[in-house]
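Reader: I want to learn how to read salt bridges in a model. Please show me one and walk me through it.

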Amino acid sequence: MLISVGILYCIAFIFPALLGAAGYLLLILIAFVLMDILILFLAKNGIEGTRIAPEKLSNGDENAIGINIKNYYTFPIGVKIIDEIPEQFQLRNFEIKRQIKASSQDDIQYYLRPTERGEYTFGNLNIYVISPLKLISRRFTFNNNQMVPTYPSYIQLRKYDLMAFSNNLFQYGVKKIRRIGHTMEFEQIKEYVQGDDIRTLNWKATAKKNSLMVNQFQDEKSQSIYMAIDKGRVMKMPFNGLSLLDYAINATLVLSNVILKKQDKAGMFAFSKKVENRVVAEKRSSQMQQILESLYNIKTDFFESDYSRLYADVKKNINQRSLIILYTNFETLDSLHRQLPYLKGIAKSHLLVVVFFQNTELNEIINSKAVTIQEVYDKVIAEKFAFEKRLIVNELKKYGIYSVLTQPENLTLDTINKYLEIKARGIL
């Protein structure tokens, strides 16, 4: 106590006497600092902060992260928020500044876009409270080590959830297809009424009943649809921060939901050196959850994919004629020809759709104006590769194999279009 009194005596009388006007200014500054310290630190719980993160993040989408701050101080405060973002985002300069009124609360929101599936761990939520005089700040720390898993894009899943039932599908870019012919699923024989298709007349039933009778058909349902995902090294190519594999995974999740809504059976598997992550095509209530969990665990193995193994597995395990949508990538006609015998083998027993990708970077080169000789060379080579992609489409068509050549960002929509087109034409 005597030492403290001595220090205060020195501050109040000796320092000002020795330093003159500067001493008095120093004394005033020290007084203000002490006042700020007392204001900020006397309150045991000055503020309360909470990070509000979703149960899971949606891969490739903007995910909202909320922060709620309650100010228990009786005066306005300034806050600087430094949230310890998961290391996958590589954000080292993240901070948010806000002013919060006395005895009130504020809700703050920011967005994160993950580009890979897996576990994302948040660190501390650090909130620095700045005093009214802005001389001192006090740190509060909340929410230590919060883990949030990142799943395939369920935000896209919600976006297209009602697509299968919408009467205005053109709003989403979905084609309207006129039905040609009939599906093969017989429903009943009924009496002919005006407007029925005379091509469906049942002559045997007509002779027995002595009146015109027609066959009535219904849309085929419960057809098996499999999504086959190539997880080899060709699918590791990145576009807009997301790999082709993750684009395919996101599209598979959304399309599976549309398939089940259309009363078909949805299944999937992934392959590279061997076939894995299999979900048998069913339409049970738990099917979407099984598909989601299988998609979450798919990882590329950086090998060249074995299409002979794919062909053998399909022949062994898929006995009923099914629609198989294969997500892969062919850059050249030669790369297709190496796998074409196996694709032709699958197409003999099933309806095969090969989905592969345009190189959007090449499109930028093609559409740009070439000035130098090097740019002319680059443009010619880019046009050659783009032309080969179109040749691949024609080559597949020669053998009755359907194809979808799409940009990665349009993959989900284009794949849904193709599925609905096949359903509408009744060609499965």
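Author: Start inside one helix. Lys398 and Glu395 are 3 residues apart in helix H10 (residues 373–398), so about one helical turn separates them. Helices here are DSSP runs of H or I with at least four residues, strands are E runs of at least two, and both are numbered from the N terminus. The model is predicted: local features need pLDDT of at least 70, side-chain atom pairs count only at pLDDT 80 or more, and totals for chains, interfaces and linings use all residues. Residues are numbered from 1 along each chain as its sequence is written, and side-chain values use heavy atoms, leaving out hydrogens and water.

Reader: What do the side chains of Lys398 and Glu395 meet in?

Author: A salt bridge, at 3.3 Å from N to O. The term asks for a side-chain nitrogen of Lys or Arg within 4 Å of a carboxyl oxygen of Asp or Glu.

Reader: How many salt bridges does the structure hold?

Author: It holds 14. One of them pairs Asp264 with Lys423, with the closest N and O atoms 3.1 Å apart. Asp264 sits in the loop between helix H5 (244–261) and strand S16 (265–271), and Lys423 sits in helix H11 (residues 411–425), so the pair ties together parts 159 residues apart in sequence. Asp264 is buried, at 0% relative accessibility. Lys423 is buried as well, at 16%.

Reader: Which residue forms a salt bridge with Arg278?

Author: Asp313, with the closest N and O atoms 2.7 Å apart. This pair links distant parts of the chain: Arg278 is in strand S17 (residues 275–282), Asp313 is in helix H7 (residues 307–317), and they are 35 residues apart. Arg278 is partly exposed at 35% relative accessibility. Asp313 is buried at 13%.

Reader: Now the whole protein. What share of its 428 residues is buried?

Author: Buried residues make up 44%. The protein has 11 helices and 20 strands. A contact means heavy atoms within 4.5 Å. Among contacts between residues at least 6 apart in sequence, 73% join residues at least 24 apart.

Technical notes:
Buried < 20%, exposed > 50% of the residue type's maximum accessible area, 1.4 Å probe, protein only.
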